[in-house]
Amino acid sequence: MTSPIVRRTSNQSGQSKKSERANSLLLASRRFAAWAAEITLVVTSGLIPFGIGVYANSRSDLNRVPLNPVLVVTERAIARPLALPVSYGIRNVAWPTNILWTIALLAPVTLSWWQLYLLAKTGSTIGKRWLKVRVVNEQEKPPGLGAVVIREGVGRWTVPISIAYLLWRYSFAFPNLGLFTFLSLLMIVGEGIGLPSRRGRRAFHDQLAGTYTIDAVLASNRQAQSAGDKDQVEEGQEGEELAADRTNQSPNLWRRIQQNPNLALFGIGLTSMTAVLATLIGTQVYIQIQQSQRATKQINSQQFLELVKQLTPDSGATNEQRQSAILAMGGLNDPQSIKFLADLLVKETNPSVLDTIQQALTTVGPQAIPELKNKNQFLVSELESVGSTATKERELRQGRLQRNQRTINKILSVYSGKIEGVDLSRTQLGQSGTSGSSSFNLVLDNLDLSGVKFKSANLNQASFKGSRFRGVGEDGRWDTYDDVMADLSQAQLQQANLTDANLSRVLMNRIDLSRATLNRANLSNARLYDAKLNSTQLVGADLRNAVLEKASLTGADLGDAKLNEANLYAARLGRATAIGTQLSFANLTNTDWQGADLSGAYLDRANLSNANLSATRLTGAVLRSAQMENVNLQNADLSLADLRGANVAGADFKGAILAPSKQDPADQFVQTPDLGSVSAVVQGVDFSQAKNLDAKQLAYICTQGGIHPRCP
């Protein structure tokens, strides 16, 4: 009788272990599925309104408004830690997009907090309820809001994401977001697997918060059996012992502190002593620094007064002595000496002494710019008060301004790459309409001007050939949040030379670049909202993803320029030359191209809705899959243009040339697309809703494979 009993007991225990393992694996799978469902719900709640907002923003018939400030702040807050480029300045979107993107921001946050509330009060989120999973504390009750915040906010997300971020931020692959995403997922999964214990694996966030993830079905069954069992009291005691055992096995942080009060007191005492010691040392260092600064300032003041005596008109000092005193004053490098030298630069008339003053201010460096800027604005106001009449007084003041301008020019040249944050806003450094022939010309070629503020400055006819207005920032990498960029908003750069300049991502809203030269310049992602680019040379310029909303490019030369995915909403491009220009995927809604030359231009998948293309030359242009709803094509030359896949509903073809004509030998340099045969130009294009098609146009459309109700 004994032997069978032993065998039966061992079989039962083996089956019990297998059952526990199977239940453990099943519970782990359901936990992961519940987590995936929670994330999917949160992400979907944001993606749906965001996607609808993107679609609404592509519509040309909706009014555009500035982006919600909350979205702007959020964008920058996300961009900074992830080293992403961020949009600066004015950014207009369709009015429904503003609302939808705000919902896309608020919906995931609201849903996340709602799920946390459910988890705190019931132990189950929406996903966990679907998959019969519950989270309980040591007393097998809902964990409460505090434990849930620690469990989800600290344990599940903050710790693993922080570790992944540090590994990514200081790795060779920074700022590759793909690696950060991989590391984050790896850390989250690793944290969720947890560490082994007597009662199986338990995730780090559960250990930190003192919670357990259980099978809701089994828990309900146990409770039901417990209620009908005759030995209810014994089972209750057994459950209490089990809970106490779990408490002893896996105490959370707060319980450990309660169990070891001496250790907590020692930690508090050590922290207090460290803080007191640091305060004493810091105070002593601060006092010594202040005393040293006061002593240095007193010495400089005495030296300054002695040098001023040598530079007074009645001092009797020779030119050599005055020059030595000026150089010594420049070496002081304090505010009073800089102000004195800036004033002396205006008053002095001796050429050799003037050169010495300029040399002294250049030695001071960028610290002299603020005082020179103030003096510059004062001299400009004085010059304007004299009027435009050519008098000796005007020439005298013009000479003073030019000396000031040359000094600023020299400092910027000498300290190239070290002038980040220099503010030259509203400074006169270019030609004015009333200037004489001897006016100053700013020359800053092949320099690093990243971070300089030229907002509303006069830089007319200045030369910036090959100069950079953008730097990599502290991390030494391009296209990250800390990129250092100049500010050229509302600056005057008429007839300026910016050939080969790097203006990528630079803020240039409402800038005046009329008749300027920007050939081969890098303007990708630049902000040129409402800018003036009339008759500007932009041959071969890179304007990909640039914002040119409401910009004026009348008469501009855009030959071979790259404007892929650029935003030219409501821009004015009358009589512009855009031969071979790349405008693929560009936003050209409500643009005015009247009389422009777009021969051989690439406009595939561009949005030309409501654009004015009347009297334009589109010979050989590629318009595949372009949105051309309600476009004005009156008297346009579309010979050899590729319109396959284009949407021409509502387009006005009055007087437009569709049939190819014999090409002028003088235009042989225009590269036309390889169409194979002329019949492919309009093949499959639906002209049913096109306007003002004459008999000749219809005949051509029907014979070349186009679609129209009047075709046989």
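**Note on the predicted model: ion pairs, disulfide, helix packing and backbone**

1. Aspartate 215 is buried, and arginine 30 is buried as well. The model under review is a predicted one. In this model the side chains of aspartate 215 and arginine 30 form a salt bridge, with an N to O distance of 2.8 Å. Aspartate 215 belongs to strand 4 (residues 212–215) and arginine 30 to helix 1 (residues 2–57), so this pair ties together parts of the chain that are 185 residues apart in sequence.

2. How many salt bridges does the structure hold? The count is 18. Another of them links the side chains of glutamate 152 and arginine 151, at 2.4 Å from N to O. Glutamate 152 has a relative accessibility of 10% and counts as buried, because the cut-off for burial is under 20%. Arginine 151 is likewise buried, with a relative accessible area of 1%.

3. A further salt bridge is formed by the side chains of arginine 644 and aspartate 642, with N and O 2.8 Å apart.

4. A search of the whole structure returns one disulfide. Which cysteines does the disulfide join? The bond runs from cysteine 702 to cysteine 711, with an S to S distance of 2.0 Å. The torsion about the S-S bond is about -85°, and the disulfide of cysteine 702 and cysteine 711 is therefore left-handed. The two ends fall into separate accessibility classes: cysteine 702 is partly exposed, with a relative accessible area of 24%, while cysteine 711 counts as buried at 19% relative accessibility. The limit for burial is under 20%.

5. Turning to helix packing, helix 14 (residues 351–364) packs with helix 16 (residues 392–414) at an angle of about 40°, and their axes are 9 Å apart. Helix 14 and helix 16 are therefore classed as oblique to each other. The crossing of helix 14 past helix 16 is right-handed. On the side of helix 14, the contact is made by Leu354, Gln358, Leu361 and Thr362. Helix 16 contributes Arg403, Arg406, Thr407, Lys410, Ile411 and Val414.

6. Most residues other than glycine have a negative phi. Asparagine 446 has a positive phi, near 55°, although the residue is not glycine. Where is asparagine 446 found? The residue lies in the loop between helix 16 and strand 5 (470–471). Asparagine 446 is exposed, with a relative accessible area of 60%.

7. Phenylalanine 585 also shows a positive phi, near 65°, in a residue other than glycine. Its place is in the loop between strand 6 (484–485) and helix 17 (695–703). Phenylalanine 585 is partly exposed, with a relative accessible area of 48%.

8. Glycine 574 is found in the loop between strand 6 and helix 17. With a relative accessible area of 12%, glycine 574 is buried. The C-alpha atoms of glycine 574 and glycine 555 are separated by 6.3 Å, and these residues are 19 residues apart along the chain. Which residues does glycine 574 contact, leaving aside its neighbours within four places in sequence? The contacts are with Leu553, Thr554, Gly555, Asp592, Trp593 and Gln594.

9. Some values for the chain as a whole complete the note. The chain contains 17 helices and six strands. Of its 712 residues, 44% count as buried. Among contacts with a separation of 6 or more, 42% are accounted for by residues 24 or more positions apart.

Technical notes: Residues numbered from 1 in each chain as written. Predicted model: local features only at pLDDT ≥ 70, side-chain atom pairs only at ≥ 80, totals over all residues. Heavy atoms only, no water. Salt bridge = Lys/Arg side-chain N within 4 Å of Asp/Glu carboxyl O. Helix = DSSP H or I, 4+ residues; strand = E, 2+ residues; numbered from the N terminus. Buried < 20%, exposed > 50% of the residue type's maximum accessible area, 1.4 Å probe, protein only. Disulfide = S-S within 2.5 Å. Axes fitted to C-alpha atoms, helices over the stretch in contact; angles between N-to-C directions. Parallel < 35°, antiparallel > 145°, perpendicular 65-115°, else oblique. Left-handed = near helix turned anticlockwise from the far one by under 90°. Contact = heavy atoms within 4.5 Å.
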